[in-house]
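Below is a short briefing on how two protein chains meet in one model. Look over the structure before reading the points.

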Amino acid sequence: MGGKVTCTLGEVKNRADFIVYWGGNPAECHPRHFTKYTLMQKSKFLPRGRKDRTVVLVDIRETKSAKAADHFLQVRPGKDFELLTILRALIKDQKVSEEQVAETGLSLEVLKDLIEKMKAAKFGVMFFGMGLSMTRGKHMNAAALLTLAAEMNAFTKFVAMPMRGHGNVTGADVIMRWQTGYPFGISLNRGYPRYNPGEFSTVDVLVRGDTDCAFIIGADPGATMPKPAIDHLAKVPTIVLDPHVTHTSRLSRVHITTAPAGIAAPGTGYRMDEVPMPLKPALQSPYPSDEEVVRRIRETIALRPDWMTNQPQMIEAQI
Amino acid sequence: MELKVIENATCTFCGCVCDDIELHADDVRIHQAKKACVLGKSWFLNHTAEKKYPDALIDGQPASLDEAIEVAANHLYEADMPLVYGMSNTTCEAQKECVAMADLLGALLDSHTSL
Ligand code: SF4
């Protein structure tokens, strides 16, 4: 997500006096987010800590995180995009009808009050979770929220940040962006990177049966993906690198046990705000690290003739 | 067995990546993960340095690492449209190797983010 208006969690901790969580449940999914980065910390600019901050939760149901918030806005499921668009209109004093607001499950009064508070803030931040970016509208919802954050800067400082989930998924985004220019959903089959989620994203590729060999590392799609995707993984030669024998390993042709990253393998991991952190493994594993195994596979492949110079037909066929 | 204390260790279970964890570990397992939350604690305590699984499995049968690397490389090289996927629970160094390998193969490359 290049071009987003964002900051680091250190800035949030020290400066954010208005915090919105949208479509996420940090109390249960990111348990130390409140205490370590957002709500509870005291700082030079917010000496009274929690008392100096206003916290709003927007979600489709009242989760445990609602208890920690000052205001809870219950949006009707699937209406996040509408709500964000209405907020974007309201901050610019454009006219919005009661009916349009009612569709989102909220009232104009509540939204006007919210906007007043947003504009009165010195430093606002909006965290958004999968409840926003994985439901109806998907990345368009995330884009609407990022635009709202950017537009709020006409009035006061405002930033947005995705609440990234498991492990080092932020690192994967960063590394792919650095190496290919795109964060995910990439095809290198023409010898240069192309980006097209929906076409090159894994679920779609697997459901369509568009791959004839899958290399899976640090993930267990055999436990999480829809059944047609898993069926295809079982059909083609699948190679799995994982510290455990996973669901995916059981349907794979090759499983290689590796040392768990951060526990027995050293390296770097990215925090959700894209700050890299060194890992400090406590144990010595009897297994090699992911890094070592992938490098050895790559070196073995590199010994063979290059496929691109071998079969340039795709390029010629295009001309 | 000697008990080590590792200060300011990093938890990568969730996106918070807390880097203030105090780990108490012997050679085999981590006994305590101070300051970590419930999720982080169970993550640290559930991994051990025991040899619970074979080095590798080929078609479900235990195999050596060298064999597995050879077979994996073969499958990937022979494929017309290989896919490199995942990269969540691993290090940036390994992710970089994955991108290099996908580049070499002319593969599809994707992470959890696309789900
Ligand atoms: S200690 Fe808890 S909050 Fe911190 S990174 Fe680990 S799982 Fe996340």
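**Where two chains meet**

Strand S6 (residues 186-187) of chain A pairs with strand S7 (residues 108-111) of chain B in the antiparallel sense, over two bridges. Within this pairing, A:Ser187 has B:Leu108 of S7(B) as its bridge partner. The model is predicted.

**Extent of the interface**

- The contact involves 94 residues from chain A and 91 residues from chain B.
- The size of an interface is often given as the accessible area lost when the parts come together.
- For chain A and chain B, the area buried between them is about 8400 Å².
- Carbon and sulfur atoms account for 65% of that buried area.

**Polar and charged links**

- Between chain A and chain B the count of salt bridges is seven.
- A salt bridge joins the side chains of A:Lys36 and B:Asp19, with 3.5 Å from N to O.
- There are 48 residue pairs in polar contact across the interface of chain A and chain B, where both residues have pLDDT 80 or more.

**The chain A side**

- Helix H14 (residues 290-302) of chain A supplies eleven residues, the largest share of the side of chain A that touches chain B.
- By residue type, the side of chain A that touches chain B has 51 nonpolar, 26 polar and 17 charged residues.

**Domains of chain B**

- Chain B is assigned domain 1 (4-45) and domain 2 (56-109).
- The centres of domain 1 and domain 2 of chain B, taken over C-alpha atoms, are 29 Å apart.

Terms used: Residues numbered from 1 in each chain as written. Chains lettered and ligands numbered in written order. Predicted model: local features only at pLDDT ≥ 70, side-chain atom pairs only at ≥ 80, totals over all residues. Heavy atoms only, no water. Contact = heavy atoms within 4.5 Å. Buried area = accessible area lost by both parts, 1.4 Å probe. Salt bridge = Lys/Arg side-chain N within 4 Å of Asp/Glu carboxyl O. Polar contact = N/O pair within 3.5 Å; in protein donor to acceptor, adjacent residues only side chain to side chain. Helix = DSSP H or I, 4+ residues; strand = E, 2+ residues; numbered from the N terminus. Nonpolar A, V, L, I, M, F, W, Y, C, P; charged D, E, K, R; others polar. Pairing = 2+ DSSP bridges. Domains from an automatic or database assignment.
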